[in-house]
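Trainee: Could you take me through one part of this model in close detail? I would like to start at the end of a helix and then move on to the strands.

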Amino acid sequence: MDIQSGMSLSPHDAAKNAVEPNMAEPVTLKTLKQMTRRGEAFACLACYDATTARWLERAGVPVLLAGDSAAQVVLGFERTIDMPLDFAIQITAAVKRGAPRTLVMADMPFMSYHRSIDEAMGNAARFMTEGMADVVKLEADETQAGIVDRLTRAGVPICAHVGCRPQTSSVTGGPVAAGRTGDSLEQVVKDAAALQDAGAVLLLIEAVPDEVTARVMEIAKVPVIGIGAGTGCDGQILVVNDLIGLTDQPPRFAEPVAQVGEALIQAGRQWVKNVSDRRIGGKRYTMRAGESEKLGAGGQVDRVDCNRLSNPG
Ligand code: KIV
């Protein structure tokens, strides 16, 4: 309902209006810092296309990540290490085009920032320019602080992803939680501290016990985003497909809040039935005035029959 006119809004206008209170200004790092200072937890989601991004911006989600989880979710690979660099840049730009007022993070794929500083700089630059990223995320430990330092000095805002780092899961034999022993806890805290000292503007911790989060929060001077890291972080991120019920076996920390998979099944079944009943709906094309008559009897369509088939009743 439009409050001023008292008239019902179309879904499109309603969605447009829904944006206004939450996202009048573009979201920046400053916004996240202010929210963090005020103790307001901020929501983030990984998504991979302009349409989804547009709806999530309308929902007021301030941060979107064009995650390398797209390798699994979009491309159907088993592992995130199969994420192609060019595709990662393309989806980052797509998300930004769909959600221009949202803070969009790019996700540097496996081996796109490890071989040399020059290569890391070149690839990060592509995410910032072609991908229009506001922040570039990379999975790192303390040994990669040098790369974070160089990228930061060159003007690339870095989100350092610590804890469980799915790009290293071939070494660990699959994605595993981090920080479940005292030594491992200390390592995650050391990683976070070193990467923050190197200039990271955001930290992201994945799949750690609450004790690890509490320690990281003690040393954090920048906003900390968690995934499977308890409620103690400044922001929380999930993969949108896990949130909306499109994932067959979501990770243990992801609780769906909608059943879009079920809705898709219903829509697909309905379309199968409509097609088989010859009820395709929508509006039909017609020939220009007088053109149909020129076709002669053989070329003319039985319009009555056609209409009956597309709009029965
Ligand atoms: O690629 C991804 O989806 C991530 C998560 C932290 C959400 O890195």
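Mentor: Look just past helix H12, at Arg-278: its phi is positive, about 55 degrees. Keep in mind that this is a predicted model. H12 itself covers residues 260-276, 17 residues in total. From first C-alpha to last it reaches 24 Å, close to the 24 Å expected at 1.5 Å a residue.

Now the strands. Eight of them form a closed barrel, in the order E1-E2-E3-E4-E5-E6-E7-E8, with parallel pairing. From one strand to the next, the twist averages 25 degrees.

Take E8, residues 235-239. Of its 5 residues, 4 are buried, so the strand is largely enclosed by the rest of the structure. E8 has E1 as a parallel partner, joined over 5 bridges. Within that pairing, Ala-43 has Gln-236 of E8 as its bridge partner. E8 also pairs with E7, residues 224-227, again in the parallel sense, over 2 bridges. There, Gly-226 stands opposite Gln-236.

Cys-44 stands opposite Val-63 in E2.

Val-73, Val-74, Leu-75 and Phe-77 make a nonpolar patch of about 290 Å². Leu-75 lies in the loop between helix H4 (70-73) and helix H5 (85-98). Its relative accessibility is 37%, so Leu-75 counts as partly exposed.

Note on methods: Residues numbered from 1 in each chain as written. Predicted model: local features only at pLDDT ≥ 70, side-chain atom pairs only at ≥ 80, totals over all residues. Heavy atoms only, no water. Expected span 1.5 Å × (residues − 1). Pairing = 2+ DSSP bridges. Axes fitted to C-alpha atoms, helices over the stretch in contact; angles between N-to-C directions. Patch = residues over 30% accessible without salt bridge, like charges linked within 9 Å, V, L, I, M, F, W, Y side chains within 5 Å. Areas by Shrake-Rupley, 256 points an atom, 1.4 Å probe, with all protein chains shown as cover. Salt bridge = Lys/Arg side-chain N within 4 Å of Asp/Glu carboxyl O. Buried < 20%, exposed > 50% of the residue type's maximum accessible area, 1.4 Å probe, protein only.
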